[in-house]
Amino acid sequence: MGTTRHPESTSHPIAERPRITVVGVGYLGATHAVCMAALGFDVLGVDVDERKVAELAAGRVPFFEPGLQAKLSEMLATGRLAFTTEFDEAARFGDVHFVCVGTPQAGDSDAADLAFVDQAFEALASRIDRRALLVGKSTVPIGTAERLTRMVRERSPIGDRLELAWNPEFLREGFAVEDTLHPDRLVFGVASEWAERQLRAVYAPILAQGTPLVVADLPTAELVKVAANSFLATKISYINAMAEVCEATGADVDLLAAALSHDARIGGRFLKPGLGFGGGCLPKDIRAFAHRAEELGVGEAVAFLHQVDDINTRRRLRMVDLVRELAGGDLDGARIAALGAAFKPDSDDVRDAPALDVARMLSLEGAHVVVYDPEANANAHRAYPDLDYVDSLAEAVTDADVVALLTEWREFGEADPEALGELVGRRRIVDGRHALDADAYRGAGWEFRALGRPAPRRSVVPAPA
Ligand SMILES: NC(=O)c1ccc[n+]([C@@H]2O[C@H](COP(=O)([O-])OP(=O)(O)OC[C@H]3O[C@@H](n4cnc5c(N)ncnc54)[C@H](O)[C@@H]3O)[C@@H](O)[C@H]2O)c1
């Protein structure tokens, strides 16, 4: 570990119970702020979005995340948690400042757009006038922390007494509270012993649970996050590539995945075939990683990530093909029930959501698409106002020519095929998430298709002699 020592590195007292600010209170930051308060810290959440701050301060989580609403109310009531738009207040308040702002894909390339990160670090650095630690949690390209360290010290009235660390975040939407309070591991990217000790003080309650900790340098900490997401994306695209092969041969990708998963070296998690990955992390993170690797002259090492991305995109096109096939070869005028819009169940996040992308493509081919998502209708409507949104599963499927399952919400898996069959125009369904019982649907008279699974009666393509 490269340690930058200066007179106060070891002598300056560590705040045993540091006061924490969380800058950027979106999916990651709001969860982090609430959970830090739940661990007993005094926390101030900061955001430039006045509406979001007002909602949170009034006790309302502005997005859907199971368990977060109750915890927010509980923490506001303790008086340990508050929200503001004022950076001056944040600079005065915090000993440790977590930066959790967005790093979306740039408008004109695969690179990450670091404008929000730069603004947040700059806003803090120019105001903080006592020793403090700035901790990046946003997912960033390798080398960002080094660059920011220089920028922060130039801008700071206290120079290099303002330190910077990176602490990548691995929470999953839908399990964000649980993942924050009980993470698989913690990673600290630090440049001094003081920074490490300060982070240890913040995470003391979590480390006390026996949570594994990896203390690393700044670039390794940045790389851990994009490497982890690349691995997960690759595993999903791997089984979806096998699904493509299955489609060409009459083999069944679900049986294949089951057989592979019994090999402990492979394992079954993230080996689920279907419509692929989406959301505000995996797609943009693998693109930004490949882009950054090219800049660093090691583009070839991760060139496979382009294939991973392409396989993922092809699943969406294939889903449209299957729906078109069931609709009789032409989508024009067909009524399609799109079940789901969020990129995954238990979230209302529609960023790069495969479900919404498929719904949009069906609509572009002239289908009348009726979308129902238990939580994401409002966000989906903002993203694609042209689609029809309804408030129940029953409304969505009524008179449908084809039902397309696009996000595997529990409600859809639990629906009764017989009861749904009474509502639809035609009993035809495409299961884009391998979440339904094919036999139960076929038994109820449905024409049932799933990505990578043979249609009944389809015979295996014989290998050439
Ligand atoms: N969402 C996840 O599951 C997750 C998991 C791990 C890591 N991450 C990473 O965390 C980061 C944030 O992701 P998110 O999903 O929470 O995004 P988000 O869009 O939900 O939240 C980002 C927030 O930052 C605020 N913001 C922007 N500029 C700001 C500034 N200058 N000062 C203060 N606030 C500012 C925005 O108003 C917004 O509320 C990204 O880098 C993402 O890749 C996200």
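**Helices, sheet and domains**

Tutor: Helix 13 (residues 282–295) has 14 residues and reaches 20 Å from its first C-alpha to its last, close to the 20 Å expected at 1.5 Å a residue. The expected span is 1.5 Å times one less than the number of residues. Helices (H or I, at least four residues) and strands (E, at least two) are DSSP runs, numbered from the N terminus. This is a predicted model: local features need pLDDT of at least 70, side-chain atom pairs count only at pLDDT 80 or more, and totals for chains, interfaces and linings use all residues. Residues are numbered from 1 along each chain as its sequence is written.

Student: How many of the 14 residues of helix 13 are buried?

Tutor: A residue is buried if 20 or more other C-beta atoms lie within 10 Å of its own, exposed if 12 or fewer, and partly exposed in between, with C-beta atoms placed from the backbone. Leu282, Ile286 and Phe289 are among the buried residues, and so are the charged-type names Lys284, Asp285 and Arg292. Helix 13 is mostly covered, and its buried count is 10.

Student: Which helices are included in what covers the buried residues of helix 13?

Tutor: Cover is judged by contact, meaning C-beta atoms, placed from the backbone, that lie within 7 Å. The cover includes helix 11 (218–249) and helix 14 (304–326).

Student: Which residue with a positive phi follows helix 13?

Tutor: Its phi is near 80°. The residue is Gly297.

Student: Which loop holds Phe270?

Tutor: Most residues other than glycine have a negative phi. Phe270 is not a glycine, yet its phi is positive, about 65°. It counts as partly exposed, with 14 C-beta neighbours inside 10 Å. Its loop lies between helix 12 (253–261) and helix 13.

Student: Is Arg314 buried, partly exposed or exposed?

Tutor: Arg314 lies in helix 14. Its C-alpha is 9.0 Å from that of Leu275, 39 residues away in sequence. With 17 other C-beta atoms within 10 Å, Arg314 is partly exposed.

Student: How far apart in space are Phe304 and Ala70?

Tutor: Phe304 is found in helix 14. It is partly exposed, with 14 other C-beta atoms within 10 Å. Phe304 and Ala70 are 234 residues apart in sequence, and their C-alpha distance is 42 Å.

Student: Why is helix 15 largely enclosed by the rest of the structure?

Tutor: Helix 15 (residues 354–364) has 11 residues. Its buried residues include Pro354, Leu356, Val358 and Leu362. What covers them includes helix 14, strand 9, strand 10, helix 16 (377–383) and strand 12 (402–405). Helix 15 is largely enclosed because its buried residues number eight.

Student: What phi does Asp352 have?

Tutor: Asp352 lies in the loop between strand 9 and helix 15. With 19 C-beta neighbours inside 10 Å, it counts as partly exposed. Asp352 is not a glycine, but its phi is positive, about 45°.

Student: Which strands stand at the edges of the open sheet?

Tutor: Six strands form this sheet in the order 11-10-9-12-13-14, with parallel pairing. Each edge strand has a single partner strand, so one side is left without a neighbour in the sheet. The edges are strand 11 (388–389) and strand 14 (447–450).

Student: Which residue stands opposite Arg335 in strand 10?

Tutor: Two strands pair if DSSP finds at least two bridges between them. Strand 9 (residues 335–339) and strand 10 (residues 368–372) run parallel, joined by five bridges. Opposite Arg335 stands His368.

Student: How many bridges join strand 7 to strand 8?

Tutor: In strand 7 (residues 186–189), Leu186 and Phe188 point one way, Val187 and Gly189 the other, and all are buried. Leu186 stands opposite Leu213 in strand 8. Strand 7 and strand 8 (residues 213–216) run parallel, and their bridges number four.

Student: What distance separates the centres of domain 1 and domain 2?

Tutor: The bounds come from an automatic or database domain assignment. They are 12–216 for domain 1 and 230–450 for domain 2. In contact are 15 residues of domain 1 and 15 residues of domain 2. Taken over C-alpha atoms, the centres are separated by 33 Å.

How values were computed: Two residues are in contact if their C-beta atoms, placed from the backbone, lie within 7 Å.
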